[in-house]
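This briefing sets out selected features of the structure displayed below. The points are grouped by topic for reference alongside the sequence.

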Amino acid sequence: MNRKTTGSMLLALAAIALGAAACNSLPVPDPDPEAETKGTMTVNMSDTLKISDTMFGIFFEDINYGADGGLYAELVANRDFECTPADAGGWNAKTFWTVDGQGMKFDIATTDPIHANNPHYGVISVDAVGPRLVNVGFDGFRYEKGAKYDFSMFARQQGDTPVKIEVGLLSDTGDVLDSKTIDVKSKTWDKLSVVLTASNGNSAADACGKFYLKPLTANAAAAVDMVSLFPQDTFMGRKNGLRKDLAQTLADLKPQFVRFPGGCVAHGNSWQDDCYYWKDSVGALEERKPIKNRWGYHQTRGLGYFEYMQFCEDIGAYALPIITVGVDCQFAGRQQAVPMDQMDRIVQDAVDLVEFANGDTSTKWGALRAKMGHPKPFGLKYIGLGNEEQISSAFEVRFKMVNDALKAKHPEIVVVGTVGPGADGGDFDEGWKFARQENVPIVDEHFYRDPNWFVNSAQHRYDNYDRKGPKVYAGEYAAHARGNPRPNTIETALDEAIFLTGVERNGDVVLMSSYAPLLGKHGHMQWTPNMIYFSNTKIDKTTTYEVQKLFGTNAGTDYIRNTLDFGNALDRRQALRVAASAVRTDDGDVVLKYVNTLDRPVSVTVTLDNAKGIPASAERTVLTGPTFTGKDYSLTHNYIRLGEKFVVNLPANTMTVIRF
Ligand code: AHR
């Protein structure tokens with residue numbers, strides 16, 4: 001894990017920050033003007049509770065083009081010619097490819113493919129030099145001026161004549177930004193690579209560049225497959241890596257863990273069809289098994305388990321893979337399960353996953369990890385078994401088989417169970433009963449509910465949870481306001497923030513949380529709201545993103561017990577709309593978080609009991625927006641005067657973070 005490195009770097013930075021505070025170099029502002037509605041908060045600095053170091057994570061699922069066409073930096077769409085009508089209506093092996101010009105033959109063939117997992121490939125030939133096979137990408141290709149792109153493809157000549165092919169980048173207006181010639185001169189599959197440099201970037205706001213293959217030899221055919229174009233400038237410069245700006249946006253959240261590959265993608269609609277078996281997502285790209293995405297498009301799985309774990313390591317987050325226990329998605333219309341006489345595969349997959357992630361390089365799966373470029377173990381600690389399946393006896397018996405095998409072979413792994421898709425109800429109750437019976441360490445609760453529910457119910461949901469049973473992972477949640485698409489607004493984000501103050505307060509029992517879903521590509525949404533929206537050129541952070549970032553970058557190791565009291569100034573329902581939490585971070589900082597979703601400002605007189613060395617001022621960040629139900633927002637940073645007693649003014653509809 002990179003956690004240690006990241007931790008010590010943060011400590012170093014924090015030491016500088018603390019030094020600055022001790023020297024009183026922060027400006028000391030005038031005290032805040034007090035609001036009419038007043039409350040008090042007592043923070044007992046010596047009364048603390050150890051809380052989880054995995055509290056704020058991210059939920060990554062290939063939904064809304066989150067992976068292919070999204071986080072995965074591959075620019076060529078349908079690079080493997082494996083798109084089918086099962087992926088999406090009207091799709092086939094030629095989708096995303098077009099012929100530009102007259103006299104080109106472009107066929108799909110299946111004889112002697114590169115690999116059985118990748119049975120289709122393209123065959124191109126021309127009567128005379130001129131026409132090109134063009135890939136339109138995922139809504140076009142984004143090119144940056146001067147940037148280098150790694151082109152590669154598998155190719156073979158289909159007859160006795162070698163074929164020269166020009167490969168090139170096309171601008172938004174059809175100009176060639178760079179081209180190179182490659183020779184297809186083998187009768188067996190050969191991997192050909194070349195680097196292209198864009199002489200210019202896109203001119204259109206929404207990049208609509210293209211990419212082409214142009215045969216330069218007439219009357220000779222070439223077979224092509226795994227046609228790939230990657231920017232060299234990926235996140236952390238990884239080959240087969242992630243789109244830099246998107247991955248950085250995720251890294252900026254400082255997630256303590258990353259859940260993948262779903263969500264419903266983890267089990268698909270059917271164990272026979274679109275279930276995500278992790279072994280099909282590792283090894284050489286051309287040998288991975290593309291599958292239809294459960295959300296209705298093609299999944300290459302170029303972003304597979306290795307790349308997910310590499311990303312986790314790169315950002316200092318724990319990996320939380322969710323694997324199937326052999327039971328279909330309960331929303332598939334019927335529940336089917338892997339027959340008992342085929343469960344060996346499911347059980348073995350779970351056990352082998354630990355070997356792949358952590359095993360010695362002398363083991364089969366550890367050796368594959370090493371071959372893929374990571375001889376050192378990834379340090380996998382958590383595995384989720386199942387995703388909100390119906391908690392039927394078919395589920396329970398299969399869960400137990402996988403769980404028992406993991407416990408026997410890898411007792412060091414912390415298993416995360418599932419308790420259905422809702423915050424209550426049949427699956428929830430049965431799931432919890434079963435989890436207690438099986439001593440499952442953590443269970444995954446899901447709730448997509450209206451914003452008020454987060455204030456009135458979720459905020460105090462965990463205050464009285466049993467501390468002795470399984471712990472909680474609030475694994476999928478989001479406040480769903482009315483609308484089509486459902487919007488992310490100041491209201492939804494602040495109501496989620498109120499819930500998260502409750503998560504921090506109960507950080508001894510709620511060990512993990514993640515908002516869902518994470519990514520949504522404009523024009524390709526199966527689900528709203530999402531935390532981050534994007535196109536090929538743009539990233540739109542939402543109010544929810546900013547709340548998640550305020551919690552993630554200000555996560556604590558200890559909760560500092562406190563009381564917030566408005567006496568008669570607010571009635572019970574109003575008081576629920578103002579929430580606070582206090583934590584101490586791993587570098588010794590104190591962070592106070594406040595959310596006020598009343599339509600008026602309130603002032604809180606804060607008393608720091610048993611405090612030592614309080615600096616004269618603290619940094620204050622305020623998130624708000626012009627309207628409660630709008631999606632626009634602003635973040636302001638300034639300072640607040642501190643003391644053993646000080647006043648915090650909380651404007652209407654704001655989240656405020658004070659750190660010292
Ligand atoms: O987050 C979107 C979907 O919601 C997930 O795939 C699924 O687990 C849940 O129903």
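Is Phe 356 buried or exposed? Phe 356 is buried, with a relative accessible area of 0%, where buried means under 20% relative accessible area, exposed over 50% and partly exposed in between (1.4 Å probe, protein chains only). This is a predicted model, in which local features need pLDDT of at least 70 and side-chain atom pairs count only at pLDDT 80 or more, while totals for chains, interfaces and linings use all residues. Residues are numbered from 1 along each chain as its sequence is written, and side-chain values use heavy atoms, with hydrogens and water left out.

**Phe 356 and helix α4**

- Phe 356 lies in helix α4; helices (H or I, at least four residues) and strands (E, at least two) are DSSP runs, numbered from the N terminus.
- Leaving aside neighbours within four places in sequence, Phe 356 is in contact (heavy atoms within 4.5 Å) with Trp 278, Val 282, Phe 306, Trp 365, Gly 366, Leu 368, Arg 369 and Met 372.
- The C-alpha atoms of Phe 356 and Phe 660 are separated by 42 Å, and the two residues are 304 residues apart along the chain.
- Helix α4 (residues 343-358) has 16 residues and reaches 23 Å from its first C-alpha to its last, close to the 22 Å expected at 1.5 Å a residue; the expected span is 1.5 Å times one less than the number of residues.
- Because 12 of its 16 residues are buried, α4 is largely enclosed by the rest of the structure.
- Among the buried residues of α4 are Met 343, Ile 346, Val 347, Leu 353 and Val 354, as well as Asp 349, Asp 352 and Glu 355.
- The elements against which the buried residues of α4 pack are α3 (305-315), β16, α5 (364-371), β17 and α6.

- Strand β16 (residues 318-323) pairs with β17 in the parallel sense over two bridges, and two strands count as paired if DSSP finds at least two bridges between them.
- Ile 323 stands opposite Leu 385 of β17.
- Strand β18 (residues 414-418) runs parallel to β17 and is joined to it by three bridges, with Ile 383 opposite Val 415 of β18.
- From β17 the chain crosses through helix α6 (residues 393-409) to β18 in a right-handed β-α-β crossover; right-handed denotes that, with the strands pointing away from the viewer, the path from the first strand over the helix to the second runs clockwise.

**The five-stranded antiparallel sheet**

- Five strands form an open sheet in the order β3-β6-β11-β8-β9, with antiparallel pairing.
- β3 (97-100) and β9 (176-184) stand at the edges with a single partner strand each, so one side of each is left without a neighbour in the sheet.
- Direction ignored, neighbouring strands of this sheet are turned by 25° against each other on average; axes are lines fitted to C-alpha atoms, for helices over the stretch in contact, and angles run from 0 to 180 degrees between N-to-C directions.
- Four bridges pair β3 with strand β6 (residues 132-135) in the antiparallel sense, and Leu 133 in β6 is the bridge partner of Val 99.

**Backbone features in loops**

- A cis peptide bond with omega of about 0° joins Asn 484 and Pro 485; Pro 485 is found in the loop between β20 (471-479) and α9 (490-505).
- The peptide bond from Thr 528 to Pro 529 is also cis, with omega near -5°, and Pro 529 is in the loop between β22 (519-521) and β23 (532-534).
- Asn 78, in the loop between β2 (58-59) and β3, has a positive phi near 55° although it is not glycine, and counts as buried at 3% relative accessibility.
- Met 236 has a positive phi of about 60° and is not a glycine; Met 236 counts as partly exposed at 49% relative accessibility.

**Cysteines and Thr 585**

- The structure holds zero disulfides, a disulfide being a pair of cysteine sulfur atoms within 2.5 Å.
- Cys 83 is buried at 3% relative accessible area, whereas Cys 208 is partly exposed at 33%.
- Thr 585 is in the loop between β26 (578-584) and β27 (590-596) and is buried, with a relative accessible area of 5%.
- Not counting residues up to four places away in sequence, Thr 585 touches Ala 555, Gly 556, Thr 557, Val 591 and Arg 659.
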